[in-house]
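Have a look at the model on the screen, and I'll walk you through a few spots.

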Amino acid sequence: LYGPADLTRDFINSELDLSKLVFQAKDRSDPVLSIASPVTYARASSPPILIIHGEDDQLVSIEQSVLLNESLKDVGAPVHFISVKNAGHGFSQTGNKPVDPGWDEIDNVIVNFFIETLR
């Protein structure tokens, strides 16, 4: 859910610069960022992954989830990606239109993902 996936890329919100805050990296080319990035570990043998991200997220760009989705698909890993319209970080509503899919549908997707995956 709306998490960073490639720490070697710039973030929209410089206050959330995990590269400096958490990893004390000097710049985006610091090897520790690649080691800490989920996209680095995309394998065909990866467990099923559910990615859900708000299209208007101003804290962690949806680009991060798109990159993870593409990395997993490229290696043939099982992945399901849902882009949530009119939603920011945490699926907070942005603008006048409702979040789509709504919370009930997002909850159902998550529950069904766990039921199907852990069966």
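So, Y2: at 22% relative accessibility, this residue counts as partly exposed, where buried means under 20% relative accessible area, exposed means over 50%, and partly exposed is in between, with a 1.4 Å probe and protein chains only. Y2 sits in the segment before α1 (18–21). Helices here are DSSP runs of H or I with at least four residues, strands are runs of E with at least two, and both are numbered from the N terminus. Phi of Y2 is near 50°, a positive value in a residue that isn't glycine.

Quick housekeeping: this is a predicted model, so local features need pLDDT of at least 70 and side-chain atom pairs count only at pLDDT 80 or more, while totals for chains, interfaces and linings use all residues. Residues are numbered from 1 along each chain as its sequence is written, and side-chain values use heavy atoms, with hydrogens and water left out.

Another non-glycine with positive phi is F91, at about 65°. You'll find F91 in the loop between β2 and α4. Is F91 buried or exposed? It counts as buried, because its relative accessibility is 3%.

A cis peptide bond joins D100 and P101, with omega about 5°.

The chain goes from β1 through helix α3 (residues 62–74) to β2, a right-handed β-α-β crossover: with the strands pointing away from the viewer, the path from the first strand over the helix to the second runs clockwise. β1 and β2 (residues 79–84) run parallel, joined by 6 bridges; strands pair if DSSP finds at least two bridges between them. I49, for example, has V79 as its bridge partner in β2.

On helix α3, find S65. S65 counts as buried, at 3% relative accessibility. Its side chain makes a polar contact with the side chain of H53, at 2.6 Å; that term means a pair of N or O atoms within 3.5 Å, and within protein one must be able to donate a hydrogen and the other to accept it, with residues adjacent in sequence counting only if both atoms are side-chain atoms.

Last stop: I106. Leaving aside neighbours within four places in sequence, I106 is in contact (heavy atoms within 4.5 Å) with I52, V84, F91 and P101.
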